[in-house]
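Let's take a walk through a protein together, one piece at a time. Keep the sequence and the picture side by side as you read.

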There are 2 protein chains.
Amino acid sequence: MPKAQRMAQMLTVAEEIFAEQGYLATSMDEIAERVGVSKPMLYEYFGSKEGLLIGCIHRARTELREKTAAAIAGAAGPEEFLRLGLRAFFEFIVEHQRSWALLRQEAAIAVPSAQEEVEGIRQQQTDMIGSVLVSFAPQIDPLEAEAFAEIVVGACERLAVWCERRPSVGPALATDYVMAVIWPGVADRFKKLPGPVQPAWR
Amino acid sequence: MPKAQRMAQMLTVAEEIFAEQGYLATSMDEIAERVGVSKPMLYEYFGSKEGLLIGCIHRARTELREKTAAAIAGAAGPEEFLRLGLRAFFEFIVEHQRSWALLRQEAAIAVPSAQEEVEGIRQQQTDMIGSVLVSFAPQIDPLEAEAFAEIVVGACERLAVWCERRPSVGPALATDYVMAVIWPGVADRFKKLPGPVQPAWR
DNA sequence: CTCGTAACTTACTTCGAGTAACCTACTGCG
DNA sequence: CGCAGTAGGTTACTCGAAGTAAGTTACGAG
């Protein structure tokens, strides 16, 4: 099997088993067996168990970025821009429900360098939100804009975990809840600052 | 040394080393040596490495609950109640800066059952916030109240991590930021619902 | 002084991450 | 055809850390 294909297969299998059993409880032998290959091949491709985990996270991150970029293209104003971006995030999470827990929880704990990747995902989200704030209200205090973005990302991340236990709450309702809580506060800031320009993210 | 005292000492040392090096990178031998005791003693007291971690988290959880309860005693209205509760949380985090990363990140990833304890901490916070909402606005949709509470907890958790990289943002300013974003949205819900009663949490 | 128990240690076993060294099958070229 | 080189792969190890079995010391009560 060619390398690129084998690599993708390994990532898919690893993500699956990690999500099922957790990172620590999964052995490299186990992954190798399920892939139908021997352990040293995993080391050939990813260097270490940690490297394999980082590969999984990195792939998810790329996918999230692409989906978000597609979702927010053509949004009219800050509220719609934010709403579409948040909704893309919730949809991504519902799709990757099992592996998302791995990405944000297991990865961060077990493997310091995987944490960088997870932070990268969050960074993407805060960038997206920060860009809404800064481009629609250029006079906003940068520190405040950053803090607001972190607050919104944290809110979504936590609510997404909660949604897993509440099947009745899908991406649409989750987005509504978050917007209901944060938008009045954010809009309030906008009112006190010079007016809107177009947002530019990616 | 008597058991209770030894146990506390083990927890203190373990929390310290876990925070320094991470859970995975720390060996039980290493902790045992720093405590000045042999490895089987740790197993005697905590059963497993996982048990030791859970012990650390559990102790932190208890402390947070006590501090929060003390802080919110005597708050006048929902806004002050929420503000004091959030502030106690940020102060707790600043105090336990290094070990907080362990609790919420490493623990969740590496050890599924430690995750329960971490969720317990979050549950305390959502209970606190949920009690504000429900008791000041008894007619609120319970699902919505729960979602709002999760959103606020997520926002704080994430902002707390951000504060670690931003020494200029202390507990007071962090609380202000969160309140600025969420309070207008929450107050907006209150306005549409029957009026305030006293909150009761713990 | 000796019995009992609380607190502790030494000396293992086991399991899994990571590695060294060797193997196979295909592709291009004289 | 036959052979070299390499992509893709395997077997058989080492080593370190979690967890354990069995034995040892300290010390207060009778």
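Which residues of H1(A) are buried? They are Arg6(A), Met10(A), Leu11(A), Val13(A), Ala14(A), Glu15(A), Ile17(A) and Phe18(A). Here "buried" means under 20% relative accessible area, while "exposed" means over 50% and "partly exposed" is in between, using a 1.4 Å probe and protein chains only.

Before going further, a word on what you're looking at. This is a predicted model, in which local features need pLDDT of at least 70 and side-chain atom pairs count only at pLDDT 80 or more, while totals for chains, interfaces and linings use all residues. Residues are numbered from 1 along each chain as its sequence is written, chains are lettered from A and ligands numbered from 1 in the order in which they are written, and side-chain values use heavy atoms, with hydrogens and water left out.

Now zoom out to chain A. It has 9 helices and 0 strands, so-called because helices (H or I, at least four residues) and strands (E, at least two) are DSSP runs, numbered from the N terminus. Reading along the sequence, you get the pattern α-α-α-α-α-α-α-α-α. Of the 202 residues in chain A, 56% are buried. The accessible surface of the chain is about 8,300 Å², and 54% of that belongs to carbon and sulfur atoms; areas like this come from the Shrake-Rupley method with a 1.4 Å probe, and for residues only the protein chains shown count as cover. Next, take the contacts in chain A between residues at least 6 apart in sequence: 72% of them join residues at least 24 apart. A contact means heavy atoms within 4.5 Å.

Back to H1(A), which covers residues 3-21. Its 19 residues reach 27 Å from the first C-alpha to the last, close to the 27 Å expected at 1.5 Å a residue. That expected span is 1.5 Å times one less than the number of residues. Just after H1(A) comes Gly22(A), with a positive phi of about 95°.

Helix H5(A), residues 78-95, has 18 residues and reaches 26 Å, close to the 26 Å expected. Its buried residues include Phe81(A), Leu82(A), Phe89(A) and Phe92(A). So how do we describe two helices that sit together? Two packed helices are described by the angle between their axes and the distance between the axes. The axes of H4(A) (residues 49-72) and H5(A) come within 9 Å and cross at roughly 145°. Axes are lines fitted to C-alpha atoms, for helices over the stretch in contact, and angles run from 0 to 180 degrees between N-to-C directions. On the H4(A) side, the residues that meet H5(A) include Ala60(A), Leu64(A) and Ile72(A), and their partners include Phe81(A), Ala88(A) and Phe92(A). By class, this contact has 9 nonpolar, 2 polar and 3 charged residues. Ala, Val, Leu, Ile, Met, Phe, Trp, Tyr, Cys and Pro count as nonpolar, Asp, Glu, Lys and Arg as charged, and the others, Gly among them, as polar.

What about H8(A)? This helix has 23 residues and reaches 34 Å, close to the 33 Å expected. Since 20 of its 23 residues are buried, H8(A) is largely enclosed by the rest of the structure.

In the loop between H8 and H9 of chain A you'll find Ser168(A). Is Ser168(A) buried or exposed? It is exposed, with a relative accessible area of 60%. Leaving aside neighbours within four places in sequence, Ser168(A) is in contact with Leu173(A) and Leu143(B).

Move along to H9 of chain A, where Arg189(A) sits. Arg189(A) is partly exposed, at 22% relative accessible area. Not counting residues up to four places away in sequence, it touches Glu144(A) and Phe148(A).

Finally, look across to chain B. H9(A) (residues 171-191) and H8(B) (residues 142-164) pack at an angle of about 65°, with their axes 10 Å apart. The contact is made by Tyr177(A), Val178(A), Ala180(A) and Val181(A) on one side and Leu143(B), Glu144(B), Ala147(B), Phe148(B) and Ile151(B) on the other.
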